[in-house]
Structure formats: structure tokens, C-alpha cells
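Have a look at the model first, then try each task before reading its solution.

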Amino acid sequence: MLLTKTQIRHVLDTIGEMFPDAECELNHRNAFDLLIAVVLSAQCTDALVNKVTKDLFQKYHTPEDYLDVSLEELQQDIKSIGLYRNKSKNIQKLCRTLIEEHNGEVPESKAELEKLAGVGRKTANVVASVAFNEPAIAVDTHVERVSKRLGICRWKDSVLEVEKTLMKKIPIEEWSDTHHRLIFFGRYHCKAKSPQCDVCPLLDICREGKKRMKHSMS
């Protein structure tokens, strides 16, 4: 059973109370840093990315900086991150595009962002939302898991279907806040392996939680 409109409102209010200050946890000084950090964060935790960008952002400030070094040097600088070879290539490629087509600036439109190397729909949504205050819902593993467990979306929905459903069911002015709150809810509470169902304020309307509680009692 999917949640009703009233139940979804209850979910939004509850996670708003639980995580009122939820925001992007990737360290960045500007839109360009954020773009690099989000590209690095694919299949990798924000905590690890922040560890790497601490030194990275001391060394590199502009798209030109990333192109002034060899690919090998950039690879060494991000070596502790998964898929670092591929990500290094993408970073240099997207920096070249920024210089050649956008005067070295990060474009604000999601369509232009998605044309950059290593930038998919999720990355474009995060950058548009965090850097440019564009209403967007980026669906990462946490957002997808929580939306499906709670019954806002269907289990069989694709990532794109999850995004479209959330956009339809959540007021546009709440998209960006909700995106961060769903991530925090999934990262710190409704975890993949050990969700805290027993103390969850949403247990009464969560199909997955009720099922898990029943299992743990039997």
C-alpha cells in the first residue's frame, strides 16, 4: 500500500523535525568545488570524499588548475577514492568543457550540467539545488531506499520513477529540503542494514518497519 497524501505530509513534517538542519555534507567553497565533489562521490561516501577534497581543494581552485597537471598526477591526488582513474579523466574532460563552452563557470541549467563528463541526472540535481537554489530532488541510494520502505514509491520503481513520484507528491518549494532530509533519515536512522525501526516515529505508517518488527518478535 502506498502512503496517502496526508501520510506523506506527516512524513515530511516528521523528518523535518528530526533533521531540521539537513544540508549537503560535501565540503565545498563554491559551485565548481561542489561539482568536483559530487563527481567524486559516485559510489563512495561523502565522508571519504571530504577527506580527499581537504587537500585537493587546497591545490586546485579553477578548471585550469586541474588541466595544468598530468592525468597521472590528478589520479595520485584522488587515489583513495573508488573509480579514481575514470573520475580523473572525467574531471579533466569536464574542466575543458567548462573553459571552452562556459567561460570557466559552472552552468546553472540541469540540461547543461548533464552534458558534462561524469555528470548524470543525480549530480546535476545536487549541483542545481545546492549551488543555485533550483528546486530539485536528487535520488541517491538513501532517498530511493527510504521512499520505497515508507511506501511513498513502489518497490519496482526505477530511480527516475522515484524522482518523478517524489516531485509529484512533494510541494516544489520543499523539494531541496526534503532531498537532504531523506538522505539524513536514510544515512543516520533508516540505515540499509540496521534501520532503527523500534524507535522510529514513522513506524505506525511504515510497511517495511512493521514487517521487520514482526520478524524480530517471532
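**Exercise 1. Determine the handedness of the crossing of helix 9 and helix 10, and describe their contact.**

Solution. Step 1: the crossing of helix 9 with helix 10 is left-handed. A crossing gets this name if the near helix is turned anticlockwise from the far one by less than a right angle, and is right-handed if clockwise. Helices here are DSSP runs (H or I, at least four residues), numbered from the N terminus.

Before you go on, note that this is a predicted model, in which local features need pLDDT of at least 70 and side-chain atom pairs count only at pLDDT 80 or more, while totals for chains, interfaces and linings use all residues. Residues are numbered from 1 along each chain as its sequence is written, and side-chain values use heavy atoms, with hydrogens and water left out.

Step 1: list the partners. Helix 9 brings Val143, Glu144, Ser147 and Lys148 to the contact, and helix 10 brings Val159, Val162 and Leu166; contact means heavy atoms within 4.5 Å.

Step 2: sort them by class. Four are nonpolar, one is polar and two are charged. (Ala, Val, Leu, Ile, Met, Phe, Trp, Tyr, Cys and Pro count as nonpolar, Asp, Glu, Lys and Arg as charged, and the others, Gly among them, as polar.)

Step 3: Helix 9 (residues 141-150) and helix 10 (residues 159-169) pack at about 65 degrees, and their axes are 10 Å apart. Axes are lines fitted to C-alpha atoms, for helices over the stretch in contact, and angles run from 0 to 180 degrees between N-to-C directions. The two helices, helix 9 and helix 10, are therefore roughly perpendicular. For the angle classes, under 35 degrees counts as roughly parallel, over 145 as roughly antiparallel, 65 to 115 as roughly perpendicular and the rest as oblique.

**Exercise 2. Work out how many residues of helix 9 are buried, and what they pack against.**

Solution. Step 1: eight of the 10 residues of helix 9 are buried, so to speak mostly covered. Buried means under 20% relative accessible area, exposed over 50%, and partly exposed in between (1.4 Å probe, protein chains only).

Step 1: these buried residues include His142, Arg145, Val146 and Leu150.

Step 2: they pack against helix 1 (5-18), helix 10, helix 11 (175-188) and helix 12 (207-217).

**Exercise 3. Compare how helix 2 meets helix 6 and helix 8.**

Solution. Step 1: take helix 6. The axes of helix 2 and helix 6 come within 10 Å and cross at roughly 150 degrees, which makes the pair roughly antiparallel. The crossing is right-handed.

Step 1: from helix 2, Phe32, Leu35, Ile36, Val39 and Leu40 meet Lys87, Ile91, Leu94, Cys95 and Leu98 of helix 6. This contact has nine nonpolar, no polar and one charged residues.

Step 2: take helix 8. Its axis and that of helix 2 come within 10 Å and cross at roughly 150 degrees, so helix 2 is roughly antiparallel to helix 8. Helix 2 passes helix 8 in a right-handed crossing.

Step 3: Ala31, Leu34, Leu35, Val38 and Val39 of helix 2 make this contact with Thr123, Val126, Val127, Val130, Ala131 and Phe132 of helix 8. By class there are 10 nonpolar, one polar and no charged residues.
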